[in-house]
Every structure is written in C-alpha cells, then in structure tokens.
Amino acid sequence: MLKIAIDAMGGDFGPQPIIDGLIAALKLNNNFTAIAVGDKTQLENLIPSYLLNRVEIVHTDDVISMSDSATDALKRKESTIYKAIDLVKTGEADAVVSAGHSGASMSLATLRIGRIKGVTRPAIATLMPTSENQNTLVLDVGANVDCDAKNLFEFAVMGQVYARDVLQIDEPLVGLLSNGEEESKGNEVTKEAFKLISKIPNFAGNVEGSDVFKGSVDVVVCDGFIGNILLKTAEGVADTIGKIIKKNLKRSLISIAGAVLMRKVFKNLKVRVDYAEYGGAPLLGVKAPVIIAHGKSNPKAIQNAIFQAINSASSNLNNDIEERLKRFSS
C-alpha cells in the first residue's frame with residue numbers, strides 16, 4: 001500500500017483545506033495511507049477518529065512561509081516541508097504533496113531526494129486546458145529561469161514519458177514552444193534544442209503559444225521563465241473572461257434568461273479552467289513523486305494532487321525517464 005507524505009501546514013489558509021482534501025482522498029481511495037506533517041494538536045482535531053488508522057501524524061510547528069527564502073528551508077530541518085520530503089528520502093513515504101513554498105519544495109526535493117540519473121535539472125509540469133476537451137502538458141513552468149538546449153531536450157523526454165505513463169496518452173506528441181512553426185524560428189537555444197529533440201519519436205517541431213490551447217500536441221516544452229509567464233497569463237485571461245461574462249449577463253433580462261439556459265455550458269467551462277481539477281504540478285526529474293499544489297488550494301485541489309502523487313508512484317515513470325534519456329542522449 002502506498003504511503004503519501006503531506007505538508008499539512010504549508011498552504012495559504014492553514015491546515016483545514018489540506019486535511020479536508022486528504023479526508024476526501026482517503027474516502028475515495030482505499031489503496032493508500034498518509035503521513036500528515038504539522039502541528040499534532042491542530043491536525044488531530046481536523047481528522048475524524050475513524051480515519052486515524054490511515055493517517056500518521058508527524059509533529060512539528062515550524063512552517064516555511066511564502067516570505068521566507070527558499071534557501072532557509074535547507075537549514076530549518078524541523079519545518080513541515082523538510083520533514084515531509086525527508087520521509088520520502090528515507091523510504092518512509094512513496095511521494096510528497098505540498099501547497100507550501102514552491103521554491104523550498106523544489107530545492108529540498110532536488111537536494112534531499114536527488115535527481116534521476118541523466119537529469120541535469122528537474123522541471124515543473126502543469127496541465128493546460130484545450131478546445132479539444134483534453135489537456136496539454138507544459139514544462140517547465142518555473143523551476144528553471146535560464147535553460148540551455150540540453151535542459152529543454154531533457155524536459156521533452158520527461159514530459160513525453162509522464163504523458164504516456166501517468167496521463168495514459170498513447171504516443172504523445174511533443175512540441176517546442178517558439179515564435180513560429182518553421183525550423184528556422186526561435187533563438188539560439190531553441191534552435192539547438194530543436195536538433196536535440198528531433199532524436200525522440202513523435203516530435204512535432206516548433207509550436208506557437210496558441211497551440212497550447214488548441215491541443216495540437218500533447219506536450220509543450222519551454223524554459224521556466226517563458227513557461228511561468230504563459231501559465232500566469234492563461235490564469236489571468238481565464239479570470240478576466242469569467243468576469244466579463246458575469247458583468248454582461250446582468251445587463252438585461254434576455255441575457256439572464258440566456259444564462260439560465262446555458263448553465264451547463266458555463267459549468268463545463270468553469271471545470272475546464274479550474275486549477276483545482278488538475279490538483280498540482282509534478283516536479284519531474286527527481287527520484288520520487290513530488291507534487292507542488294497551489295498555495296490557495298481548496299480541498300478538491302489537494303484531493304486531486306494526492307491522486308496525482310498516487311498515479312505517479314504507481315507507474316514506472318522514473319525508470320522510463322532514465323532509460324529514454326540514456327537511449328536518446330547518446
């Protein structure tokens with residue numbers, strides 16, 4: 001049975017939504033147990049007694065806040081995220097989920113758990129909704145601001161394996177984000193990366209930003225600087241469109257009536273753009289699953305982040321990444 005370590009105190013709203021999400025996940029899936037890391041008194045009051053046989057609590061009251069430096073986490077061995085990641089390092093847990101300081105999670109996971117052989121830098125991957133009722137996996141979205149061509153090649157391999165092993169996509173297509181589809185487009189790094197990524201099967205070549213949301217490919221590769229801007233822009237656009245629709249729907253009785261008739265459409269749209277539906281972002285390239293959830297995660301987001309961790313830990317993801325990097329790097 002899998003065991004998932006949970007940073008129970010790291011989110012913006014304290015332990016309540018995190019434990020609520022854990023409880024929901026435990027009710028829906030009987031094939032895992034959890035280790036919740038945080039203040040024991042608070043956590044015991046939030047967990048129903050009938051579930052305490054499936055939740056172990058590791059006590060600590062030190063929490064890395066969003067205002068702390070990521071390097072602080074390396075020194076504060078009693079913090080929730082340090083202890084949660086160390087449970088994976090020592091083999092007491094199979095994966096870790098945290099809605100806390102993402103920089104601390106990345107640094108600790110890389111240094112304490114370690115990288116997969118052949119991986120130069122781990123990358124954060126996230127799912128973006130498309131018009132084709134599917135998702136596009138984008139990486140990196142923030143772990144690495146500056147990347148060279150080799151990094152982008154590794155991201156392509158890791159993303160393709162994750163899409164196949166965890167997302168269950170047969171023969172996932174990979175695209176390299178650029179300012180044009182032609183092979184000649186891009187900067188020097190992406191042009192060199194194009195040559196390297198061409199070695200792997202199902203490489204679709206360069207793709208543009210619009211392709212992320214069209215579903216033209218299954219995996220889109222870019223550096224963390226561009227990827228994070230893409231992610232935040234997409235979140236902002238989705239939020240703005242929602243506000244524009246709400247504002248205009250209130251302008252007339254006809255609009256209100258139309259909105260009533262289109263409730264199902266609006267509900268489906270909300271689900272497609274809601275980050276809670278996707279849970280968290282996997283940190284690909286480390287030796288065990290690390291899922292980084294949004295700081296403002298609600299219980300549904302935490303539940304889905306836990307399911308992501310379970311799916312990753314149940315797959316042959318890391319072995320496949322190592323094998324494919326070895327095969328295509330030579």
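Q: Which side chain meets E154 in a salt bridge, and at what N to O distance?
A: In this predicted model, the partner of E154 is K150, and their side chains meet in a salt bridge at 2.7 Å, N to O.

Q: Where do E154 and K150 lie?
A: Both residues belong to helix α6, which covers residues 149-165, and they are four residues apart, about one turn of the helix.

Q: And E154, is that one buried or exposed?
A: E154 is buried, because its relative accessible area is 1%, whereas K150 counts as partly exposed at 44% relative accessibility.

Q: How many salt bridges turn up in the whole structure?
A: A search of the whole structure finds 10 salt bridges. Among them is the one between the side chains of D165 and R164, at 3.0 Å from N to O; here D165 is buried with a relative accessible area of 13%, while R164 is partly exposed with 32%.

Q: What about E182, which residue does it form a salt bridge with?
A: E182 forms a salt bridge with K185, and the closest N and O atoms are 3.4 Å apart. E182 counts as partly exposed at 43% relative accessibility, and K185 is partly exposed as well, with a relative accessible area of 32%. Elsewhere, salt bridges that share partners join D62, D68 and R76 into one network.

Q: Why does D320 count as buried?
A: D320 counts as buried because its relative accessibility is 16%, and the cut-off for buried is under 20%.

Q: Switching to the sheet, what is the strand order?
A: The open sheet is formed by 11 strands in the order β3-β2-β1-β4-β11-β10-β5-β6-β9-β7-β8, with mixed pairing. Its edge strands are β3 (55-59) and β8 (203-207), each of which pairs on one side only, and neighbouring strands are turned by 25° against each other on average, with direction ignored.

Q: How do β10 and β11 pair?
A: Strands β10 (residues 280-284) and β11 (residues 290-293) pair in the antiparallel sense over three bridges, and A281 stands opposite I292 in β11.

Q: Which strands does helix α9 lie across?
A: Helix α9 (residues 224-249) lies across β5, β6 and β7, running at about 30° to β5. I229 lies in helix α9, and together with V145, F225 and I226 I229 forms a nonpolar surface patch with about 360 Å² of accessible area.

Technical notes:
Residues numbered from 1 in each chain as written. Predicted model: local features only at pLDDT ≥ 70, side-chain atom pairs only at ≥ 80, totals over all residues. Heavy atoms only, no water. Pairing = 2+ DSSP bridges. Helix = DSSP H or I, 4+ residues; strand = E, 2+ residues; numbered from the N terminus. Axes fitted to C-alpha atoms, helices over the stretch in contact; angles between N-to-C directions. Contact = heavy atoms within 4.5 Å. Patch = residues over 30% accessible without salt bridge, like charges linked within 9 Å, V, L, I, M, F, W, Y side chains within 5 Å. Areas by Shrake-Rupley, 256 points an atom, 1.4 Å probe, with all protein chains shown as cover. Salt bridge = Lys/Arg side-chain N within 4 Å of Asp/Glu carboxyl O. Buried < 20%, exposed > 50% of the residue type's maximum accessible area, 1.4 Å probe, protein only.
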